[in-house]
Amino acid sequence: MVTIGVLGLQGAIREHVQSVEESGARAVIVKRVEQLQELDGLIIPGGESTTMRRLIDSYGFLDLLIQFGQAGKPIFGTCAGLILLAKEIEGTDQTHLGLMDIRVRRNAFGRQRESFEVNLPVKGIAEGFEAVFIRAPHIESVGEGVEVLATYNDKIVVAQEGHYLTCAFHPELTDDTRLVQHFVKMVENYSQTLASSN
Ligand SMILES: NC(=O)CC[C@H](N)C(=O)O
């Protein structure tokens with residue numbers, strides 16, 4: 001069984017743990033950098049990206065998270081986690097992990113639509129996925145190696161680039177675990193490839 005960490009500094013942590021466990025993997029809440037070593041994959045939850053970044057810095061996570069991704073270990077960033085993964089953030093020169101070749105816009109769905117739910121087709125994963133958006137970002141553009149898996153109102157909201165998966169909504173807030181199941185498969189493939197190359 002693979003072990004998936006949920007970055008436990010801020011945000012929607014517990015619901016992710018539950019959906020990882022329901023998807024057939026072991027889940028660990030990650031609060032200390034030492035815990036990264038025991039993981040096969042990592043989920044960065046939704047919350048507030050600026051707050052999460054502050055905590056990432058104060059607990060010394062930044063370089064280790066970047067190395068985690070660069071080593072080929074799968075990362076799933078949801079909502080604020082999407083912003084943390086992005087190489088470019090609209091309106092600022094600052095980035096966080098800068099691992100995924102996407103350009104994002106924060107709070108992209110406007111004030112009146114701060115929070116809403118839609119039924120979304122996600123390519124290869126779900127014909128209709130109950131997607132809960134909360135002050136969500138969207139992806140404005142993607143690099144060559146990035147596959148767009150879903151759009152909503154012409155805005156990109158789910159994408160994958162190799163071992164990085166991201167979505168603009170909160171997949172952990174409904175009982176639908178199909179996106180997390182997809183991520184668990186990515187992590188299983190990664191750890192099998194690793195095992196066969198050793
Ligand atoms: N639900 C969320 O994760 C919201 C993200 C938040 N608006 C941010 O910019 O970080």
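The secondary structure of the chain comprises 5 helices and 12 strands, where helices (H or I, at least four residues) and strands (E, at least two) are DSSP runs numbered from the N terminus. The model is predicted: local features require pLDDT of at least 70, side-chain atom pairs count only at pLDDT 80 or more, and totals for chains, interfaces and linings use all residues. Residues are numbered from 1 along each chain as its sequence is written.

The overall dimensions come next. Taken along the principal axes, the C-alpha atoms of the chain fill a box of roughly 50 × 35 × 35 Å. Of the 198 residues, 43% count as buried. A residue is buried if 20 or more other C-beta atoms lie within 10 Å of its own, exposed if 12 or fewer, and partly exposed in between, with C-beta atoms placed from the backbone. Among contacts with a separation of 6 or more, 66% join residues 24 or more positions apart, a contact being a pair of residues whose C-beta atoms, placed from the backbone, lie within 7 Å.

In soluble globular proteins, nonpolar side chains tend to be buried together. The largest nonpolar core here has 61 residues, of which Ile-4 and Leu-85 touch the most other members. Helix H5 supplies the largest share of this core, 6 residues. Such a core is a set of buried Ala, Val, Leu, Ile, Met, Phe, Trp, Tyr and Cys residues joined through C-beta atoms within 7 Å. Beyond four places in sequence, the contacts of Ile-4 include Val-20, Leu-42, Val-184 and Val-187.

Helix H1 (residues 14-22) has His-16, Val-17, Ser-19 and Val-20 buried. An α-helix has 3.6 residues a turn, so residues three or four places apart point the same way. The cover over the buried residues of H1 includes strands E1 (3-7), E2 (26-30) and E3 (41-44), together with helix H5 (178-197). Gly-24, which follows H1, has a positive phi near 85 degrees.

For "active site", an unreviewed UniProt entry lists Cys-79, His-170 and Glu-172. These residues are spread over 94 residues of sequence yet cluster in space, with a largest C-alpha distance of 11.0 Å. The UniProt positions are given in the numbering used here, feature names are shortened, and annotations may be inferred rather than shown by experiment. His-170 lies in the loop between strand E12 (164-167) and H5, and counts as buried because it has 24 C-beta neighbours inside 10 Å. Among its contacts are Gly-46, Cys-79 and Ile-134. Glu-172 is found in the loop between E12 and H5 and is buried, with 26 other C-beta atoms within 10 Å. The contacts of Glu-172 include His-16 and Ser-19.

The residues surrounding the ligand include Gly-46, Cys-79, Arg-106, Ile-134 and Arg-135, a residue being near a molecule if its C-beta atom, placed from the backbone, lies within 6 Å of it. This shell has 4 nonpolar, 4 polar and 3 charged residues. Ala, Val, Leu, Ile, Met, Phe, Trp, Tyr, Cys and Pro count as nonpolar, Asp, Glu, Lys and Arg as charged, and the others, Gly among them, as polar.

Technical notes
Contact = placed C-beta atoms within 7 Å.
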